[in-house]
Protein chains: 2
Amino acid sequence: MAITGRSLVSTMPGPDPATLMAEERRQAKFDPSEMHNIIEGTPEKAQKIMELYQSLERDPVLAPGYADYELSRDLHREQTTARIARMTQYVELELYMDFWRRLNLVTAYDPSLGIRILVNLGLFINCIKGNGTDAQFQYWCVEKEAKFMKQLWGCFGMTELGHGSNAAGVETTATFDEKTDEFVINTPHIGATKWWIGGAAHSATHSSIYARLIIKGKDYGVKTFVVPLRDANHQLMSGVSIGDIGLKMGREGVDNGWIQFSQVRIPRFFMLQKFCKVARDGEVTLPPLEQLSYISLLQGRVGMASDSYRICARFITVAIRYAVGRRQFRSDISGGKQETQLIDYPLHQRRLMPYLALTYAMGVATDRLERQHETVVRELEDAVQKNDKKAIHVSLADTKTLFIDSAALKSTLTWLAEQCITEARQACGGLGYSSYSGFGKSYADWVVQCTWEGDNNVLGMSAGRSILKCVSDVLKKNAKVSGSLLFLTNAKKCVGSEEVLQTEENLNPEMVLKALEVLIVRVSAAALEKAETNKSWDFVSYERVLLSKLRCHHYLLDTFIQTLQGVKEPGLLYALAKVIRLYFMTYLLEHFGREFITYRVLCPQLSKKITDRLVGESCLEVRNQAIPLTDSFQIPDTLLNSAIGNYNGNWYEDYFRVVKTLNDPSKTKAPYSHDLEAMLNRASVSDRQRAEKRF
Amino acid sequence: MAITGRSLVSTMPGPDPATLMAEERRQAKFDPSEMHNIIEGTPEKAQKIMELYQSLERDPVLAPGYADYELSRDLHREQTTARIARMTQYVELELYMDFWRRLNLVTAYDPSLGIRILVNLGLFINCIKGNGTDAQFQYWCVEKEAKFMKQLWGCFGMTELGHGSNAAGVETTATFDEKTDEFVINTPHIGATKWWIGGAAHSATHSSIYARLIIKGKDYGVKTFVVPLRDANHQLMSGVSIGDIGLKMGREGVDNGWIQFSQVRIPRFFMLQKFCKVARDGEVTLPPLEQLSYISLLQGRVGMASDSYRICARFITVAIRYAVGRRQFRSDISGGKQETQLIDYPLHQRRLMPYLALTYAMGVATDRLERQHETVVRELEDAVQKNDKKAIHVSLADTKTLFIDSAALKSTLTWLAEQCITEARQACGGLGYSSYSGFGKSYADWVVQCTWEGDNNVLGMSAGRSILKCVSDVLKKNAKVSGSLLFLTNAKKCVGSEEVLQTEENLNPEMVLKALEVLIVRVSAAALEKAETNKSWDFVSYERVLLSKLRCHHYLLDTFIQTLQGVKEPGLLYALAKVIRLYFMTYLLEHFGREFITYRVLCPQLSKKITDRLVGESCLEVRNQAIPLTDSFQIPDTLLNSAIGNYNGNWYEDYFRVVKTLNDPSKTKAPYSHDLEAMLNRASVSDRQRAEKRF
């Protein structure tokens, strides 16, 4: 009887995935830490991320663990609160940018924690900053220390039970009472109940709410107000009714609540008055630049695009590591005595490698989007501060572009991330369904990203409509386009029916980018005609969402091409060239194949060749560097928090240890075992029915 | 202050979705209960389903409730056990077919309950029936009453930690000990640990396990054995180690376990010996018809195809009812004072109506698959009983066809159902994410269907390979095809490049069915060439899964056409004609648009017209009957168990009531509130750091 050198007694040699993993790493053509610098944008940012990873991995409160997957709702919220308290220790000391990056990384494994803080700092405080006067910001955020998550805890009271996407339609009223110089906040009916409000159920002391401003019977539309919800003893204020909205599909750590206001009175100062102002006598000054108030919502969208990159990086790493260590069936491919590794099957490569390539495209593009957002916000603040009209005008145009870009990326990437988690989970077979692999909870936590803070379809329609208007202006008015939609300036050259991609030689990133531009213009031109015929934008909503997706991929491919141009090291360049090729062949030419063909941008024979042969070849090339490519995301095991995805690849023992630790096998009977036993050992039907049926 | 006649005090009129719902029903062109008869196949089956629904809805133990969504793992299992006990009261009295139907319906809302019973009755007992002798079946299932879920509870010990899809590769050993006339069952290493075994952790007294038969050092491959796990006191047998595999993404009511055997001895009689037999001296008789042993696994696949129909029916009903009662934005469409109903938006129609049409296609097709399965099983049993060689031969061919059909339908439909639940949830916006709408738990419970009992990709490859072989036989050997693949007999006429669908007039069900047949043949012919060139079936695995999906849709469309031919009543015929048209335009011509075009079956201009105009028109036609079409599924509110999907449409009040009932708003502080308050009211950094930084 042979005893192996491993940690468990075996009577035969067992599987050895760690050796397979080491073998993959020996084939690496580049240094993953150098690749990490490229994905994250700069070596400095990558270094900062590594430092934060180290800090989080070691932090006794913030570090995740497998037991996190087992928490009940109550314990989950208790843990989230403890982690918030721990985060407050950093917010007072760290640089703002560093704290924000920490929050971004924490969110990738504990989205409940992330969103609870983001609602307070990102929505409540940004709302005061964006809509309030300096004095108001100073009062609540600085004096009262809300920006350090101290004294006050804010929630964001926008959505109502009857109003989600349509914020301008909310029905909560804020009626000015001239006699007392107060606003009366009221929830007129069940449909106007504030709903989903994160932090409302238990945490929030204040809420920035959206309500209709009513003065002397006139409705001035929706404005923002700060309404205290709980007093210094954390007791509900009078007139305020709050409840927990209850169990959700995921994000159990978040205390989402509903709020009803019954004639709650607040001072006039509590209306946020950077733009619209109400004087003592009820006179209203309407805002010159109210559109600027929306910029505060963009930070969330930019963040959700980045979240998409990080969650895909996490789970594609797990699935690819598992595919290396898992053998299944003997096949023609390996031909050997042992079963074939999953990762060597062409179908398995076709399932996972495109997502790996996509994740790279997401990485570089969301880094660019973050930088774009920082620039726009900084330049706009500067311009406003200096009251530089021309600079404000330029900034507004940039803000509009950012609005389109962030809407297109947020919606498209959160959807793709949902699909990536699903496919990666299924690629891990049964073990993907075990909570300890991490997929289940992360999926359930993730998918709300597709419907909140701009429902994806609503955002997509909005981005698509802007693109349509832009193309219309170019085609009909010879307008010039600036910003990241610059390429639309050439729209006139793109209409028609010239086939851009005809031969295999055309399949390079630059030509595909060009083809994508042509497709965007042609889809737009057709949609514009259709909208005109039907006299409604709603009849081209399908096309608008399609355009938003195409625009997102244009941003990704464009950024990826720029990134490649800066890479000199041959190993890195080799790998990235394979990755970009697989990305555009699958996520562009295959996914939108029908559109590329029917709009005559891609020739059908070439499309067939792509699917029949080229994608398979490309998948194999990426597969050969797949482990170094996933190692390059540099996610530490602790934060990956997947029992089948650790760096060393030794998942059989890792996983079994987790299962045994969290489910004590020495308890051989369930607490409800007596019910089971009574059922199995029940008397006969006849006896149970008192033998009455004999008659 | 106006007080409405509703049950809540309002100061303004609130939303009134129930009136909108009633309006939809007034537009019905047919009687939903007649439509129900069509979907379910016969009025008798439909009637039986209504009776079972009524029984379940009233049953104090089996009826679901909103509180089900709140259960912890332990309570979920306790509840599932109570429901199993309740089901045992029916199994002893009801006709087998009726009990099976009850189980099928129960599974749609409580899949944990369903699968726990199915593992016992469907896998354990079917395994004994399929692989054991009559004496063995008599012993365990009849004498010991296992078939009534009494005395014994069986689990199905097939998969191992290292072997999921590849059942022939399991490594548990059953070594014959001639001295004692026993088999020694052993788990040689961690990879051979039985894993995921439903019912093992707490319930099972016995397991039918897959293990390698070893006699005198020779490995005879994998056979099945019955191994007792727990004694009459429900204590683990010696040598048997069992543990809970722990938390899962869903199906928390199921006690999945791991099992390790350490030299466990069982009598020779405990090897199931209908086919392979081991004599007292260790001589092995190999089976003539071992392939028949696999037929017992088909019941599960057929059931999962039906499950797909029922879960889609449930959630498309919820999403469409919600879309009627929900208003969002004012738009060009309604033009009125009020916001537009979601269901009137073209994009919303395009998101939901195709799933409604698909659900109809699933309904009629899975009814046919159930009947096909019943026939095959009955005829095979008859033939074997009479030992009629010719009839056995015919039955074997039918079994093979059923194998392909059930593999294609199980894999394709469980995937589509996953997408349907996801899209339906997103179409309900934020409320889709609330547990009380039912989506979250059902999705999490559902998705395991895509990876178990034949992983979808593995099944798809298998079905696709059979289709390829069939086409190859026809093209190269002029073979004749029978059974449901009969259409492949004409394969030779299908190759080439004739475009089948060129004009709008071609878009009728029969022509599209023909086009689909041509596509299947052309994809097959290309794949056969590719497989030959690469000398490997693995290089055409992508094409094999594609063929499996196309074959599934062929089955659906073909059945749907047959169903339509039997309908005479004009209202029903009108609605069904709209439904089938939308089904084939979206799930065939759009989803496989790239393939239809590149294989030159569909002309690109027609494809473009379908997407640009025809699908939108078709969606609108189906939308106009959408409520009667969903009412036709006849799912009672209790079993729908969705607070936003009740029949009357009054979801605002329904939902709010559920939220308040399950989350008592009078408890205004969380149990962990003191942690929150301490965090907010913490001392300054300087004080907390003992003012030491002043130096």
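**View 1. Polar contacts across the interface of chain A and chain B in a predicted model.** The rule finds 54 residue pairs in polar contact across this interface, both residues at pLDDT 80 or more. A polar contact is a pair of N or O atoms within 3.5 Å; within protein, one must be able to donate a hydrogen and the other to accept it, and residues adjacent in sequence count only if both atoms are side-chain atoms. Helix H4 of chain A (residues 73-91) gives the largest share of the side that touches chain B, 8 residues. Helices are DSSP runs of H or I, at least four residues, numbered from the N terminus. By class, that side of chain A has 61 nonpolar, 48 polar and 38 charged residues. Ala, Val, Leu, Ile, Met, Phe, Trp, Tyr, Cys and Pro count as nonpolar, Asp, Glu, Lys and Arg as charged, the others, Gly among them, as polar.

**View 2. Salt bridge of Arg73(A) and Glu70(B).** The closest N and O atoms are 2.7 Å apart. Between chain A and chain B the count is 8 salt bridges (side-chain nitrogen of Lys or Arg within 4 Å of a carboxyl oxygen of Asp or Glu).

**View 3. Area buried between chain A and chain B.** About 12000 Å² is buried, 59% of it from carbon and sulfur atoms. Buried area is the accessible area (1.4 Å probe) that two parts lose on being put together, summed over both. In chain A, Tyr433(A), Arg594(A) and Tyr672(A) lose the most area to chain B, together 7% of what that side buries.

**Notes.** Residues are numbered from 1 along each chain as its sequence is written, and chains are lettered from A in the order in which they are written. Local features need pLDDT of at least 70, side-chain atom pairs count only at pLDDT 80 or more, and totals for chains, interfaces and linings use all residues, while side-chain values use heavy atoms, without hydrogens and water.

Terms used
Helix = DSSP H or I, 4+ residues; strand = E, 2+ residues; numbered from the N terminus.
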